[in-house]
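These are my notes from going through the model, kept in the order in which I looked things up.

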Amino acid sequence: MWKFFLILPVVLVIYIGLFDSQIDGKSEIPDSLKELRENIDKILHNKILEKASVGIQIVFQDSGEVIYQSGMDQLLNPASNTKLITSAVALSVLKPEYTFKTAIYTDKAPHNGTIGDLYIKGFGDPDLSSQDLWVMAKDMVNEGVSTVEGDIIADDSFFDDQIIVKGWENFTSPASVGVSALSVNENTIKLFIRPGPKPGLPPFVMTDPPVSYLRVTNRALTLATRGGITTYYNQEDGDGELVVTGKISKKSRGLYSQIQVREPALYTAAIFKEVLENLGVKIQGIVRKGTVPAKAQLLVLHQSKPLSVILNDSNKVSDNFVAEQILKTLGAEVKGAPGSTEKGIEVIREFLKEEIGIPPDSYFLENGSGLSRENRVSPAQIVKLLRYMYNNFEVKSEFLSSLAVAGVDGTMKRRLRDTAAERRLRAKTGALKDVSCLSGYALTRDNEVLTFSIMINGFNTGTYPIKQIQNQIGLLLTEFQQATYAKRQGI
């Protein structure tokens with residue numbers, strides 16, 4: 001027994017020394033890990049990053065052991081990496097099977113095929129299409145409805161009336177289209193312009209869907225010359241008029257654009273009215289806005305695809321409209337209607353604090369899509385969120401499947417194709433002017449999962465060279481190979 005006590009101190013000294021060398025002793029860092037860190041240093045030592053703010057953290061998913069980090073606690077603009085937060089909280093709170101509803105009501109029970117006012121109420125469905133409205137109208141006809149004595153009334157009260165999301169005021173592209181609880185076709189109208197039959201005549205102007213909500217004034221001309229001007233100018237005024245001017249060459253294959261609607265709920269109701277009329281239903285009233293009466297009778301209920309499927313649009317292709325619809329729905333479901341951006345962010349703050357341990361005052365979110373100049377989070381916070389979601393068995397598979405796959409789909413389809421990273425890196429991209437981010441998961445040659453966030457702000461080049469830097473780091477991670485600490489030490 002006394003021999004055991006003589007040996008024990010020696011064993012403890014050896015063990016403690018071994019433990020210290022693993023943490024602090026650079027000589028004990030595996031050559032493969034040293035090489036990886038050096039290679040990342042070389043990639044980041046680039047002139048185009050001299051004036052940029054760079055934050056990066058890479059860790060082993062299982063242990064949380066840091067592989068590389070620099071500026072990981074900086075609060076940087078995450079751009080569309082914000083969608084990682086929105087989708088993670090939505091999946092965890094609403095659950096993957098959650099569906100968005102769109103309902104048709106009437107205030108007068110059907111009698112001999114006739115109803116009174118018809119109400120169409122939206123509950124935030126970001127995926128509602130003209131085809132869905134046709135199916136709903138067909139269901140009404142199949143139930144025997146043939147006449148609407150009253151009006152077609154659009155109810156968007158599930159959300160607040162803030163159609164333009166905070167942070168979107170300075171963005172005018174289709175990426176910043178307004179949101180509403182009652183939305184269809186992502187609140188856009190497709191515009192097609194083709195040359196007229198001969199020079200001097202107006203071109204053909206068509207919309208999809210062909211809806212009376214938008215009045216088109218065609219002032220454009222077709223030119224005979226091959227090199228003619230092929231631009232056009234459109235302007236939507238408060239009355240829903242689209243003015244098309246300019247010139248288009250007779251040789252042109254045509255032009256395509258998207259028009260943002262200003263009154264999403266009225267636009268949806270207008271399409272529904274025309275679909276009903278095309279199916280032979282007589283509409284005696286007009287399209288207007290209102291709310292469903294308490295005693296209204298439900299006629300038709302449409303349910304969207306599950307949230308887990310809809311998130312592919314938010315994360316894989318980075319659809320801002322979808323992300324903001326989800327955020328407001330989150331607020332309405334948890335905090336009560338009407339849903340708002342503020343309520344949605346409040347739910348996010350509570351979740352990040354209670355479930356992940358990220359203090360509310362340690363970051364700032366203005367909206368849920370990342371289309372904002374004000375959003376600020378750190379790479380370390382993104383990594384913490386990603387590690388939590390990977391370990392959350394209830395939603396892990398749905399969250400991972402929503403991310404773009406390198407070389408395969410979404411915003412990563414053309415990145416890292418035909419490299420070791422293809423299919424072995426899943427991530428969310430993010431880009432604004434002078435902002436580029438990439439965060440997600442990479443699989444090493446040892447089949448170990450690495451969780452990472454690379455956030456770069458303030459560069460004065462285009463985004464392409466910045467993406468190349470991120471791609472190089474991502475490729476290094478998927479090519480990385482090393483034994484675990486236990487294997488290295490023979491434990």
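I began with strands β7 (152-155) and β16 (287-289), which run parallel and are joined by 3 bridges; strands here are DSSP runs of E of at least two residues, helices runs of H or I of at least four, both numbered from the N terminus, and two strands pair if DSSP finds at least two bridges between them. Ile152 has Val287 of β16 as its bridge partner. The model is predicted, so I kept in mind that local features need pLDDT of at least 70 and side-chain atom pairs count only at pLDDT 80 or more, while totals for chains, interfaces and linings use all residues. Residues are numbered from 1 along each chain as its sequence is written, and side-chain values use heavy atoms, with hydrogens and water left out.

Next I followed β7 to its other partner. I found 4 bridges between β5 and β7, which run parallel, with Ala154 of β7 as the bridge partner of Ile120. Ile120 of β5 is also the bridge partner of Ile104, and β3 (residues 101-106) runs antiparallel to β5 (residues 118-122), with 5 bridges joining them. I then noted the whole open sheet of 5 strands, in the order β16-β7-β5-β3-β17 and with mixed pairing. Strands β16 and β17 (297-303) are at the edges with a single partner strand each, so one side of each has no neighbour in the sheet. On average, neighbouring strands are turned by 20 degrees against each other, direction ignored; such angles run from 0 to 180 degrees between N-to-C directions, and axes are lines fitted to C-alpha atoms, for helices over the stretch in contact.

I also checked which way the side chains of β7 point: Ile152 and Ala154 go one way, Ile153 and Asp155 the other, and all are buried, meaning under 20% relative accessible area, where exposed is over 50% and partly exposed lies in between (1.4 Å probe, protein chains only).

Which strands does helix α4 touch? I found that α4 (residues 130-142) packs on the sheet by touching β3, β5 and β17, its direction making about 145 degrees with that of β17; contact means heavy atoms within 4.5 Å. Helix α5 (residues 264-278) lies across β3, β5, β7 and β16, at about 150 degrees to β16. I counted 12 of the 15 residues of α5 as buried, among them Tyr267, Ile271, Phe272 and Lys273.

The two helices pack with their axes 9 Å apart and at an angle of about 50 degrees, and α4 and α5 are therefore oblique to each other (under 35 degrees counts as roughly parallel, over 145 as roughly antiparallel, 65 to 115 as roughly perpendicular, the rest as oblique). Their contact includes Leu133, Trp134 and Met140 of α4 and Thr268, Phe272 and Leu276 of α5.

Last, I looked up two asparagines with positive phi. Asn187, with phi of about 60 degrees, sits in the loop between β7 and β8 (188-194) and is buried, with a relative accessible area of 0%. Asn447, with phi near 60 degrees, is in the loop between β20 (435-443) and β21 (449-457) and counts as exposed at 53% relative accessibility.
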